[in-house]
Amino acid sequence: MSHTPATFDKTSASALSDRDTLRANARKRIEDGAITDTYTADRDQVIKLLNEALATEYVCVLRYYRHYFMAKGMLADSIKAEFLEHAQQEQEHAGKLAERIVQLGGEPDLNPDTLSQRSHAEYKEGSDLHDMVKEDLIAERIAIDSYRQMINYIGDKDTTTKRLLEAILEQEEQHADELSDMLEGYTGR
Ligand SMILES: [Fe+2]
Ligand SMILES: [Fe+2]
C-alpha cells in the first residue's frame, strides 16, 4: 500500500519568516524598541498625523474646560457635568496619542505657542450655553472627520495605531451624539 505523507502547505505560510530570521531581525536596531522591520507604514508621516491629533485634543481640552467654568443658567448644571467629562476624556485621548508617538520613536509636540495653529479644531469661547454646545459639536465633527481619514490612511500598515485611533473615534462620535441631543433638547433650539 502506497502512503503519501501529508505535506505542509507552504503557500499560505510562505510570507511568514522562519524562527532564525525572526530572531536575527529582532537583534538588529534594538534602539527602535517596539518598531521592527515588519513595520511598513511611513513612520514619520504617522508621527506627524498623531501630533496634529494631539494638538487637536489639547485645544479641545482647553475649550471644554473654558465652557465648563463659564456655563451659566438654568440648564447649566447637567451641561457643565458633560463639559467636564468631555474635557477629561479629551485629555485621556491626548495621553494615549503622546504615548504612541513616543513608542514610534517620535516626540509629542506640546508647544503651547503653536498648539492652536496645529490643531484641526478651533478654540471657540462661545457667547452663551447654546453657542458653546454648538461650537463643541462643530469641533467634534471636525475630529470625527480627521480621525476617520487618519484611520483610512494608516489602514493595516500599523494596526496598533489604527486600533487606538478607532477607539478615540468611537468616543468622539459619542461626544457629538451627546452634544447633538443637548442642542435639541436642553436648549430647545
Ligand atoms: Fe478626543
Ligand atoms: Fe470629543
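Biologist: Why are H5 and H6 called roughly antiparallel to each other?

Modeller: Start with the angle: H5 (residues 129–154) and H6 (residues 159–184) pack at about 155°, with axes 9 Å apart. Angles under 35 degrees count as roughly parallel, over 145 as roughly antiparallel, 65 to 115 as roughly perpendicular and the rest as oblique. At about 155°, the pair is therefore roughly antiparallel. Mind you, this is a predicted model, where local features need pLDDT of at least 70 and side-chain atom pairs count only at pLDDT 80 or more, while totals for chains, interfaces and linings use all residues. Residues are numbered from 1 along each chain as its sequence is written, and chains are lettered from A and ligands numbered from 1 in the order in which they are written.

Biologist: What do those angles and helix labels rest on?

Modeller: Axes are lines fitted to C-alpha atoms, for helices over the stretch in contact, and angles run from 0 to 180 degrees between N-to-C directions. Helices are DSSP runs of H or I with at least four residues, strands are E runs of at least two, and the numbering goes from the N terminus.

Biologist: Which hand does the crossing of H5 and H6 have?

Modeller: H5 passes H6 in a left-handed crossing. That label applies if the near helix is turned anticlockwise from the far one by less than a right angle; clockwise would be right-handed. Their contact has 15 nonpolar, 3 polar and 9 charged residues. Here Ala, Val, Leu, Ile, Met, Phe, Trp, Tyr, Cys and Pro are nonpolar, Asp, Glu, Lys and Arg are charged, and the others, Gly among them, are polar.

Biologist: What makes H2 roughly antiparallel to H3?

Modeller: The two helices pack at about 160°, with axes 8 Å apart. That angle makes H2 roughly antiparallel to H3. Their crossing is left-handed too, with H2 passing H3, and the contact has 17 nonpolar, 5 polar and 4 charged residues.

Biologist: What makes Phe83 count as buried?

Modeller: A residue is buried if 20 or more other C-beta atoms lie within 10 Å of its own, exposed if 12 or fewer, and partly exposed in between, with C-beta atoms placed from the backbone. Phe83, in H3, has 25 such neighbours, so it counts as buried. Its C-alpha atom lies 9.1 Å from that of Asp136, 53 residues apart along the chain.

Biologist: Why is Gly155 called exposed?

Modeller: Gly155 has 11 C-beta neighbours inside 10 Å, so it counts as exposed. It is found in the loop between H5 and H6. From Gly155 to Glu82 is 73 residues in sequence and 32 Å in space, C-alpha to C-alpha.

Biologist: Then why does Leu115 count as partly exposed?

Modeller: Leu115 has 17 neighbours, so it falls in between and counts as partly exposed. Its place is in H4 (residues 115–118).

Biologist: Which residues have the most contacts inside the largest nonpolar core?

Modeller: Leu50, Leu54, Leu97 and Ile101, in a core of 34 residues. Such a core is a set of buried Ala, Val, Leu, Ile, Met, Phe, Trp, Tyr and Cys residues joined through C-beta atoms within 7 Å. H2, H3 (76–103), H5 and H6 each supply at least two residues of it, and the largest share, 12 residues, comes from H2.

Biologist: How do you know that Ile101 is buried?

Modeller: Ile101 has 22 other C-beta atoms within 10 Å, so buried it is. It sits in H3, with its C-alpha 8.5 Å from that of Val46, 55 residues apart along the chain.

Biologist: Where is confidence lowest and where is it highest?

Modeller: Lowest in H1 (residues 19–27), at a mean of 84, and highest in H2 (residues 43–70), at 97. These are pLDDT values, the predictor's confidence in each residue from 0 to 100. The chain's mean is 90, with 91% of its residues reaching 70 or more.
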